[in-house]
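Visitor: Could you take me through this model and set each term against its cut-off as we go?

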Amino acid sequence: MILTEIDHVAIAVYDLDKAVSYYQKAFGAKVHHREVVESDGVEEALIKVADSYIQLTTATHDDSPIAKFLEKRGEGLHHIGYRVDNCEEALQAMIDAGARPIDLAPRPGSRGTTVAFIHPKGSQGTLIELVEE
Ligand code: CO
């Protein structure tokens, strides 16, 4: 088994401050990390739960994939991040198993991670992100 942890559950939201405040009120949640990833057109707030995160994500501009997702489907579950020890090996294993990669090679993600995305088509309708810390 090459997955070591559920790294994060990513939820697309219209208003990041509103979503954070909802999680604060409902769960007493504290934001562990907040970051704009300009290359992906997203701003995210990470709430730590044990060794995993809830990643509340919003778009920073109208062309961002998250903006398109929100326009099409509204707020909701966007992707699951699976933690691995080696992103490159995990990506290759998924390709060998028949997955459709979005990233052909690992690239930098938020909080200093290395990531690669796998298309939902071919992976049971779930957008998967492989995350190496
Ligand atoms: Co993610």
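Guide: Buried means under 20% relative accessible area, exposed means over 50%, and partly exposed lies in between, with a 1.4 Å probe and protein chains only. This is a predicted model, in which local features need pLDDT of at least 70 and side-chain atom pairs count only at pLDDT 80 or more, while totals for chains, interfaces and linings use all residues. Residues are numbered from 1 along each chain as its sequence is written, and side-chain values use heavy atoms, with hydrogens and water left out.

Visitor: Why is Glu-129 called buried?

Guide: Its relative accessible area is 7%, and the limit is under 20%, so Glu-129 counts as buried. His-8, with a relative accessible area of 2%, is buried too.

Visitor: What makes His-8, His-79 and Glu-129 donors of the cobalt ion?

Guide: Donors are N, O and S atoms within 2.8 Å of the metal (3.2 Å for Na, K and Ca), and because water is not among the atoms, sites may look incomplete. NE2 of His-8, NE2 of His-79 and OE of Glu-129 lie 1.9 to 2.1 Å from the cobalt ion, so these atoms meet the limit. Along the chain the donors follow the spacing H-x70-H-x49-E. His-8 belongs to strand β1 (residues 3-12) and Glu-129 to strand β8 (residues 128-132), so this pair ties together parts 121 residues apart in sequence; strands (E, at least two residues) and helices (H or I, at least four) are DSSP runs numbered from the N terminus.

Visitor: How do you know that β3 and β4 pair?

Guide: Pairing requires that DSSP finds at least two bridges between two strands. β3 and β4 (residues 52-59) have eight, in the antiparallel sense, so they pair.
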